[in-house]
Amino acid sequence: MTIQEEEYSIIEECRRGTSEVYAVLVERYQEMIYNVAYRMIGDSEAARDIAQESFIAAYTSLRNFRHGSKFSTWLCSIVMNRCRDHLRSQKQMVPLDDISELVAKGPNPEVILSDKQTAKDLQAALRAMPEDYRQVIVLKHFEDLDYREMEAILGVSANALKVKTYRAREWLKKYIEKGHGQDE
Amino acid sequence: MKIKMILVILGLLLVYGISGAEPRDLVEIRTAIEKSSLPGEGKITLFKRASEAVGTGIPASDVAVIIKRGVSRGTDGKALEETLGAAITAKEKGLPIRPVLDRIEQGLAKGVPPERIAAATKQLVVKLSTADAIVSNLGKSGLKSGEQSEKGPAVHTVARALEKSIPEDAINKLGRKSIAKGASLSRLSATIDTMAFFVEMGMNLDQASGLIMKAMDKGYSEGEMFMMQKEMSDMMRGKSNINDIMKNMDTMMNSGTMGSGAMGGKGMGGASTSPGTQGACGSGMGGMGGGHRH
Amino acid sequence: MNKDLLQLHRLLDGGLSPEDEKDILQKIEADPRLQREFDGLVSAVNLLESGERLSVDAAFSSEVMKRLPVRKEPLSTKIRGFFFGERVLRWNVASFVAVSAVLLVIIVSGLFYQSSGKSYRVADGVSPGTAVKTVSLSFNAPEAKAVSLAGDFNKWSIEAGAMKRKDDGTWTIAVPLKPGVYHYMFVVDGEGWVSDPQAESYRDDGFGNKNAILRIDSI
């Protein structure tokens, strides 16, 4: 029995009312969904809430889940939608003090960044990145998905997503060269 | 009576349709349902479900036991149908059916509410299917298994560990370690069973993992793994503090006095604990199958 | 985006054939501008890959499960269950709190039944070719009217495992069993399920009770 078949049987059980088995799916994908949410919105508390809500939303609309698709894909599209709603309501702007701090650093060939600094820079870069670029970057480079899966999650053709990913990388390259994030 | 006629006809179809099933069991199934206090519709649907169960290859003697015990309660039959449904699912998916039937028969015998039996059975089937995938994957990754007959019990053991909330990761880790050590499926099964036992007795995941890993490093055989369970039960009768017990186990393993093989492989002699320990059955910890979340 | 640049991205995706890969790598070496582009992209990807995976706290999944919508039970069902519902065994094992109560009841019932006698496990002669052993189990319960052995070897049947009472108040039974692991309990007066106090170990039965374990090794 494959993982997918096993997940279908869990979903069937949940549809029939045995909610306890849903915990299997929660535990299997909680890390993935949380990380996607965190990388998308940059706030770990809010990301945790969004991740939990996504699981609950998935559970309540299990009847809409179609056999033939992967549960993780469906779950990802739910969390992506919620992130988009969250960002819209927050109107996320890069806080001004963060930008000035980054700009002041400038290109510095010999600096070795500590892990903490790199992590901060990464999160700042993601925050500054346009949302649609961030989506493809998170799915491609953080979750290691292929373009077909991304197509199923975002509802955009794989080819279009490929181009978007390339552009996102270009954007990030320029962002770094302008003195933000890693040097050189 | 109309219902009786329908059941007779279905019964005849059942008898002719299924070869190898003892007619006596089928008659028992039909009679039990007929005599029950279920509503007419309920009798027909339950009988259909029972026939379906026998039709998929579930032993008719087990279905007969389940039906007879189930209908003597006077419930509406729905829970019983769901329970059989879960067993049918397991059989159709090629999962080990014995543990499923055992759980149902046990629950019914012990007077557990039918809805709870249904839920517990469905849960077991789900865990069995996950366990099946895990064991198959380990097999593909190189885990040796002797006979085909080893797989079913191994799947059951993994399912029981999953029921104790031991994460799939932890099980896969043990599997990979077994492969690296060239251990067989049956030895891995004993290892996982022992880990689940420790968790049942009250250890947290880290504590249980630590002991198990140590045992694997020392190359404990199946018999020695089971010896650990016995040693722990014995200790539970005396002490109730899990940390003390853990330290003892650790010390015994380090000094080599655990499962030294002196008693390994032999049956039980009457070497039980002293009289007067009637209360301490070792059921102090664990309680329901909640397992431990780490 | 020009062709070479596209190839750089495809290279990063790992989607190039060996020939194309060789081709673009050669171009990168030969062309400083392309080299700079490539290095820039690699820096970008490195920054992304430097991201650590955040772990989820232990309470996450249980919180989700608690927040799942629950099927509402009609009040009539609840009332019926309270008055007429089957009690699981002789004590309420439905809650964790009952664990100590279970222990207490076992102690109490154990004292009541004075199960101070050992359970004898006698390995009889093995019939050649069948490897079946005859195992004797006993349970001291002078006050009981009937005691049965119920386990996975007899489909948990109270009738099939009826034990015989001896003069001293112990009940015994002899069971032929093949090598393996078996789960069982004693049943007193048809309804009181008791774990064998002299068992080698115990396992959960999936319903909150502890089955005794009997392990029979092959010779």
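This is a predicted model: local features need pLDDT of at least 70, side-chain atom pairs count only at pLDDT 80 or more; totals for chains, interfaces and linings use all residues.
Residues are numbered from 1 along each chain as its sequence is written, and chains are lettered from A, with ligands numbered from 1, in the order in which they are written. Local features need pLDDT of at least 70 and side-chain atom pairs count only at pLDDT 80 or more, while totals for chains, interfaces and linings use all residues.

Select chain A. Chain A has nine helices and zero strands; helices (H or I, at least four residues) and strands (E, at least two) are DSSP runs, numbered from the N terminus. Of the 184 residues in chain A, 38% are buried, a term for residues with 20 or more other C-beta atoms within 10 Å of their own, the C-beta atoms being placed from the backbone.

Next, select residues 98-109 of chain B, which form helix α6. Because eleven of its twelve residues are buried, α6(B) is largely enclosed by the rest of the structure. Among these buried residues are P99(B), R103(B) and L108(B).

Now display the surroundings of α6(B). Its buried residues pack against α4 (60-71), α5 (78-92), α7 (114-140) and α8 (151-163) of chain B, together with β2 (147-151) of chain C. After α6(B) comes G111(B), with a positive phi near 80°.

Finally, show chains A and B together. Nine residues of chain B are in contact with eleven residues of chain A, contact meaning C-beta atoms, placed from the backbone, within 7 Å.

Definitions and conventions:
The expected span of a helix is 1.5 Å times one less than its number of residues. Two residues are in contact if their C-beta atoms, placed from the backbone, lie within 7 Å.
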